[in-house]
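Good morning, colleagues. I would ask you to look at the model on the screen while I describe its packing.

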Amino acid sequence: MWNEGSGVPLRAAVASSCALPMLFPVVTIDGRRYMDGGLLSRLNATAAPPTDVLVVLSCHPLEPAAPETSALAAFATPAHAELAALRETRRVVAIEADLRELGLTEKLMMDRALALEAHTSGQRQATKEAAVLGVVWNV
């Protein structure tokens, strides 16, 4: 997990976080190869430091519409299982992208032609979710 103490330039950290084998190349930093942690966990919420309240933002549905059958899905931790484990020790607020608003499926999430529309949709959703987060953070 990259943070300000990692000593990794922001551009390299973001590139490595977006790297998906066979779609976007892995990124080499200090002689080691890195790729998106979403290959094993879509949330990576278990990497969060201990806290009383954890806000999880997911660009993927937290509950898949259908059972996942890909080879990678066999190794990945389902989001609902990861959240259940976290909820045992802290309050968790999970927000997922509203793909229905755009009429999208996860298969279209990598379509660059939809980037502006997805950004605008995300801004609308953020306005709606602000009230929820305000309650969580007592603001």
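Predicted model: local features only at pLDDT ≥ 70, side-chain atom pairs only at ≥ 80, totals over all residues.

Residues are numbered from 1 along each chain as its sequence is written, and side-chain values use heavy atoms, with hydrogens and water left out.

Which residues make up the largest nonpolar core? There are nine: Leu43, Ala45, Leu54, Val56, Leu62, Ala79, Leu83, Leu86 and Val92. A nonpolar core here is a set of buried Ala, Val, Leu, Ile, Met, Phe, Trp, Tyr and Cys residues joined through side-chain atoms within 4.5 Å; buried means under 20% relative accessible area, exposed over 50%, and partly exposed in between, with a 1.4 Å probe and protein chains only. Strand E3 (53-58) and helix H2 (79-87) each supply at least two residues of this core, and the largest share, three residues, comes from H2. Helices (H or I, at least four residues) and strands (E, at least two) are DSSP runs, numbered from the N terminus.

A second, separate core has five residues, among them Val8, Ala19, Val27 and Ile29.

Ser16 lies in helix H1 (residues 10-18) and is buried, at 2% relative accessible area. Leaving aside residues up to four places away in sequence, Ser16 touches Trp2, Val27, Ile29, Tyr34, Met35 and Asp36, where contact means heavy atoms within 4.5 Å.

Finally, Asp30 sits in the loop between strand E1 (27-29) and strand E2 (32-34). Asp30 has a positive phi of about 50°, although it is not a glycine, and counts as exposed because its relative accessibility is 77%.
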